[in-house]
Amino acid sequence: VIYADPPYWGRHADYFNHWSEADEQDLTCLLQKGDAKFILSTWQENRYRKNEWLSTQWQKEPYRIVPVTHYYHVGSSESLRHEMIEALITNLPETHQTLILKSEQLG
């Protein structure tokens with residue numbers, strides 16, 4: 001199983017120098033065309049916007065999106081810190097969803 005946790009395209013990713021739409025497209029293509037089972041970590045939505053990439057690239061079988069709520073503790077003030085719904089995208093069988101969620105809860 002491949003676990004891919006790239007910088008979140010469409011979000012602040014300066015900690016990695018640069019992660020472009022082309023990089024996101026390349027990773028998506030490699031995962032979708034490969035034979036390996038995988039889990040891809042990315043962002044789904046927050047109170048201000050949604051990740052449209054999910055609906056254009058990952059909505060069809062055999063891919064599933066497992067939402068996981070995460071609270072960011074980053075921001076200049078507490079009022080700027082908001083809940084984020086992360087997305088774990090996988091081609092693992094649905095029976096593995098509980099395992100994925102439990103491992104995510106462990107951090």
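Colleague: What does the secondary structure come to?
Modeller: The protein chain has 3 helices and 4 strands, which are DSSP runs numbered from the N terminus, with helices (H or I) of at least four residues and strands (E) of at least two. Along the sequence they follow the pattern β-α-β-α-β-β-α. Residues are numbered from 1 along each chain as its sequence is written, and side-chain values use heavy atoms, without hydrogens and water. Because the model is predicted, local features need pLDDT of at least 70 and side-chain atom pairs count only at pLDDT 80 or more, while totals for chains, interfaces and linings use all residues.

Colleague: How many aromatic pairs does a search of the whole structure find?
Modeller: The search finds 3, where rings of Phe, Tyr and Trp (its six-membered ring) pair if their centres lie within 6.5 Å, and planes under 30 degrees apart count as stacked, over 60 as edge-to-face and the rest as tilted. The rings of Phe 38 and Tyr 63 have centres 6.1 Å apart and planes at 40 degrees, so this pair is tilted.

Colleague: Which parts does that pair tie together?
Modeller: Phe 38 lies in strand 2 (residues 38-46) and Tyr 63 in the loop between helix 2 (52-57) and strand 3 (64-71), so the pair ties together parts 25 residues apart in sequence.

Colleague: And how do Trp 58 and Tyr 63 pair? What are the angle and distance?
Modeller: Their pair is edge-to-face, at 5.0 Å centre to centre with 85 degrees between the planes. Ring pairs link Phe 38, Trp 58 and Tyr 63 into a cluster.

Colleague: Is Trp 58 buried or exposed?
Modeller: Trp 58 is buried, as is Tyr 63, where buried means under 20% relative accessible area, exposed over 50% and partly exposed in between (1.4 Å probe, protein chains only).
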